[in-house]
Amino acid sequence: MKRKGLRFYLRIYFKILAQDIKSKMSYRADFIISTLGMIFTNIAGFVSFWILFRSFPDIKGWSYHEMLFLYGFSLISLTPVQCLFDNNWSLRSYVYSGDFIKYCFRPINLFFYYQSEVFDIKGLGQLAFGIGTLVYSWNKIGLACTPLMILKIVVFLITASLIMIALQNAAAATCFWIQNSFYILDLAYRFRDYAKYPVTIFSSVFKFIFTFLMPIAFIAYYPSLVILRPDDVPILTWLSPIIGCLFFYVSYKIWMYGALKYNGTGS
Amino acid sequence: MKEIIRINHITKEFKVLNRREGLKGSIKDLFSRDYKIVRAVDDISMSIQQGEIVGYLGPNGAGKSTTIKMMTGVLEPTSGEILVDGNVPYKNRSKNAQNIGVVFGQRSQLWWALPLIESFRLLKDVYQIEDKQYNSIIELYKSLVDIEPLLHKPVRQMSLGQRTLSDILAAFLHDPKIVFLDEPTIGLDVSMKAKIRKLISALNKEKNTTVILTTHDMGDVDALCRRIVIIDKGKMLYDNDIEHLKSFFGSYRTLKIRVDGDLKAQSEVIQKEVPDFAVSADDEWISILVDEDKKKVMDVLNQIQSSHSIKDMKLEEISSEDVIRKIYEEGVE
């Protein structure tokens with residue numbers, strides 16, 4: 001048996017992806033409706049954001065365009081979790097019904113095999129919105145476009161995505177121990193809404209929670225500081241890429257631990 | 001012949017919560033938990049050779065699935081040891097997965113949205129099957145079953161029969177040494193059952209694949225298995241040839257008769273006349289399972305004839321279904 005490295009997994013992933021998209025496109029009405037739905041969800045989110053700023057010109061020293069930057073940043077960083085790890089939402093029902101056992105018999109990584117099965121194409125609409133918003137606010141704020149800036153933003157986007165993925169993995173994995181884990185997953189999902197605001201607007205208790213316990217401040221706020229307020233960045237921010245990787249690794253381990261002790265149900 | 005599976009005295013225990021009744025009980029359960037240990041598999045040993053088809057039988061809840069899960073590496077035995085082709089399945093799950101194929105009757109393992117041929121191509125990559133081997137097995141499949149109409153159909157549009165067939169083909173694709181089939185013919189019509197049995201038997205012959213089959217359908221057992229293993233309540237009851245099993249019950253014969261009147265009602269009357277033997281009735285016949293050590297069939301027939309007018313009769317050797325039922329109900333003496 002040959003060694004199974006990154007290339008092996010990438011090859012399989014893209015094959016599944018291509019097939020999945022092909023089969024989704026074949027259900028045309030379904031595809032069009034869900035695409036439209038995604039566009040309207042994003043427009044609605046954007047409109048409520050805009051209305052808010054018509055009443056308040058700035059929030060704690062953050063201008064409209066800076067907030068828009070934060071908003072766009074969070075949309076982009078939420079795309080990978082939406083596109084690539086959407087199967088986490090079904091984990092609970094697979095485990096409950098016993099169907100999860102079917103993932104246990106293949107000679108490949110269980111976590112990979114499970115997550116590879118679903119690619120949520122709707123996330124791409126969100127990505128387009130996010131990029132549009134980010135580029136627009138970037139121009140309006142008049143930020144420079146140097147290679148260093150691009151590098152910074154890419155690194156911090158990846159970091160933010162990893163943290164969001166980690167939160168969702170850990171929340172989904174609770175279903176291996178708790179029968180109705182939907183609320184935990186839903187909670188983790190809802191928290192991401194707070195990621196769009198600077199943590200300075202919250203009380204110090206929540207600031208602590210969002211920084212250390214549910215690290216959603218790392219999803220958009222701290223990374224944005226690096227770009228928008230480079231002189232005013234807490235030291236912790238520079239560590240966030242490492243923290244992101246660490247969080248992802250821990251959540252993966254929790255997920256795998258739960259999956260490997262899974263017994264299945266009677267048949 | 002080469003030994004492929006070795007099981008030495010395995011036991012599997014589960015911790016089960018003793019649930020109290022009612023709402024009050026549930027609230028109590030929240031605070032004080034009272035567990036009991038349930039032994040799902042109790043000291044089972046066996047040895048299976050390469051190329052055998054073994055029928056693994058037992059009533060519902062006997063521990064069959066638990067044993068299979070241990071052999072496939074999903075569960076770790078509480079004690080005892082299992083070797084599947086020299087591997088400890090639980091410790092080396094990925095390597096073990098390369099050696100086995102698994103089919104669960106009603107749970108498809110194929111990609112739901114993909115046409116069968118795409119699933120096959122993905123499995124080819126997942127199991128790293130060589131092109132030559134892949135092509136030759138597809139050729140073999142084409143010669144055994146009519147798969148052309150299935151190949152381009154998404155799995156979710158298939159009938160249960162087609163899906164089971166596809167799952168079995170997928171399980172054999174990487175030429176595994178062992179294939180576990182858990183109730184493969186459950187819920188299928190008669191002709192599909194026959195087709196699937198034929199396919200399993202052909203693949204076993206062609207590839208010399210070991211097949212472990214759990215089923216409740218004695219038709220599967222008669223068509224496929226020479227050796228059967230029976231377990232109940234986690235304990236092994238029987239492990240030998242099916243012919244040997246029948247000789248255990250050699251003194252049993254089934255006497256079938258037809259009399260005037262409603263067969264169901266008449267069978268109850270006859271049951272009272274011959275209280276030693278089990279009497280049952282279907283639409284056509286009244287069946288009496290006679291133990292010839294106790295009473296000769298002719299005597300039973302005479303006895304019944306004295307009070308009923310028998311229109312027709314036939315005598316049958318005990319079927320494997322009857323044998324298994326007797327074992328489930330009474331055990332092997």
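**A sheet and a helix pair in chain B**

In this predicted model, strand β10 of chain B, residues 252–259, is joined to β13(B) by seven bridges, and the two strands run antiparallel. Within this pairing, B:Thr254 stands opposite B:Glu316, a residue of β13(B). As background, the strands of a sheet pair through backbone hydrogen bonds, in either a parallel or an antiparallel manner.

The β10–β13 pair belongs to an open sheet of four strands in chain B, arranged in the order β11-β12-β10-β13 with antiparallel pairing. At its edges are β11 (278–281) and β13 (310–317) of chain B, each of which pairs on one side only. From one strand to the next, the twist averages 20°.

A helix accompanies this sheet. Helix α11 of chain B, residues 263–273, lies across β10, β11 and β12 (286–291) of chain B. Relative to β11(B), helix α11 of chain B runs at about 170°.

Elsewhere in chain B, attention turns to two helices. The axes of α7 (residues 160–172) and α8 (residues 190–207) of chain B come within 10 Å and cross at roughly 5°. Angles under 35 degrees count as roughly parallel; α7(B) and α8(B) are therefore roughly parallel to each other.

Which residues of α7(B) and α8(B) meet? From α7(B), the contact involves B:Gly161, B:Thr164, B:Leu165, B:Ile168 and B:Phe172. These meet B:Met192, B:Ile196, B:Leu199, B:Ile200, B:Leu203 and B:Lys207 of α8(B).

Technical notes: Residues are numbered from 1 along each chain as its sequence is written. Chains are lettered from A and ligands numbered from 1 in the order in which they are written. This is a predicted model: local features need pLDDT of at least 70, side-chain atom pairs count only at pLDDT 80 or more; totals for chains, interfaces and linings use all residues. Axes are lines fitted to C-alpha atoms, for helices over the stretch in contact, and angles run from 0 to 180 degrees between N-to-C directions. Angles under 35 degrees count as roughly parallel, over 145 as roughly antiparallel, 65 to 115 as roughly perpendicular and the rest as oblique. Two residues are in contact if their C-beta atoms, placed from the backbone, lie within 7 Å. Two strands pair if DSSP finds at least two bridges between them.
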